[in-house]
Amino acid sequence: MKPGYATRREAAVRVSASLRRGDFAGRVADQQILLFLQDLDSRGSDAVIAKLEEQSQIPLVIDDVPVRVELRVGFAFSPAHGTVFDDLHRRAQLAIVEARNLGERYAVYTLGQDERHIRQIRIASRLQAAIDEDAFHLLYQPKLSLRDRRIVGAEALLRWVDRELGAVYPDVFIPVAVHT
């Protein structure tokens, strides 16, 4: 038996115990399980989360060390979020990322998340080119004391106008830069 096989099997048994009749699960990555839940919409997701969380509270034992499972779930519902498997899978993955970023147990895909994600990927891919092309500009904004009616300082502002993306604002490109 391969190391970790019993642990993965135990995790699968726990997930299966949380499912309803007609639902099924399949492992898609080392630490990811894809669930197909019949006739579920966003109103029923809390009950599913409660069952999964109950099972995840029991630590898995790996090499005699109890390990707590971190539960993160992304929901994509058919037909509201798509009817093609690849679209639903990608959108569920985006919801998982959203849950992780927000520190939540789960998140539901929202319409438009694909476009935001694609834009972030484009921004990340253009960052190095922007540096090479000297596309960042530093501007200074004076700080004015209204009482004294004089300039008391300045604030440095970084601006990026990309030849492909247009104006990209710091609240957008800085988190992407930090993440990548």
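Visitor: What should I know about the model and the numbering?

Guide: It's a predicted model, where local features need pLDDT of at least 70, side-chain atom pairs count only at pLDDT 80 or more, and totals for chains, interfaces and linings use all residues. Residues are numbered from 1 along each chain as its sequence is written, and side-chain values use heavy atoms, with hydrogens and water left out.

Visitor: OK, at what angle do α4 and α5 cross?

Guide: Roughly 75°, with the axes of α4 (residues 113–132) and α5 (residues 170–179) coming within 10 Å. That makes α4 roughly perpendicular to α5 (65 to 115 degrees counts as that).

Visitor: Which residues make the contact?

Guide: From α4, Q120, I123, A124 and L127; from α5, V172, F173, V176 and A177. Contact here means heavy atoms within 4.5 Å. The residues involved divide into seven nonpolar, one polar and no charged. For those classes, Ala, Val, Leu, Ile, Met, Phe, Trp, Tyr, Cys and Pro count as nonpolar, Asp, Glu, Lys and Arg as charged, and the others, Gly among them, as polar.

Visitor: And which residues of α5 are buried?

Guide: P170, F173 and V176, where buried means under 20% relative accessible area and exposed over 50% (1.4 Å probe, protein chains only). They cover an arc of only 145° around the axis, so they sit on the same side of α5.

Visitor: What do they pack against?

Guide: α4, plus β7 (136–145), β8 (150–162) and β9 (166–168). On the face turned away from that buried side, α5 carries the exposed residues D171, V178 and H179.

Visitor: Back to α4. How does α3 cross it?

Guide: The axes of α3 (residues 85–102) and α4 come within 10 Å and cross at roughly 75°, so these two are roughly perpendicular to each other. R90, R91, L94, A95 and E98 of α3 meet Q113, D114 and H117 of α4. By class, the residues of that contact are two nonpolar, two polar and four charged.

Visitor: Switching topic: P142, buried or exposed?

Guide: P142 counts as exposed because its relative accessibility is 51%. It is found in strand β7.

Visitor: So what is P142 in contact with?

Guide: Leaving aside neighbours within four places in sequence, P142 is in contact with I151, G153 and A154. P142 and A156 are 14 residues apart in sequence and 8.9 Å apart in space, C-alpha to C-alpha.

Technical notes
Axes fitted to C-alpha atoms, helices over the stretch in contact; angles between N-to-C directions. Helix = DSSP H or I, 4+ residues; strand = E, 2+ residues; numbered from the N terminus. Parallel < 35°, antiparallel > 145°, perpendicular 65-115°, else oblique. Arc of directions from axis to C-beta.
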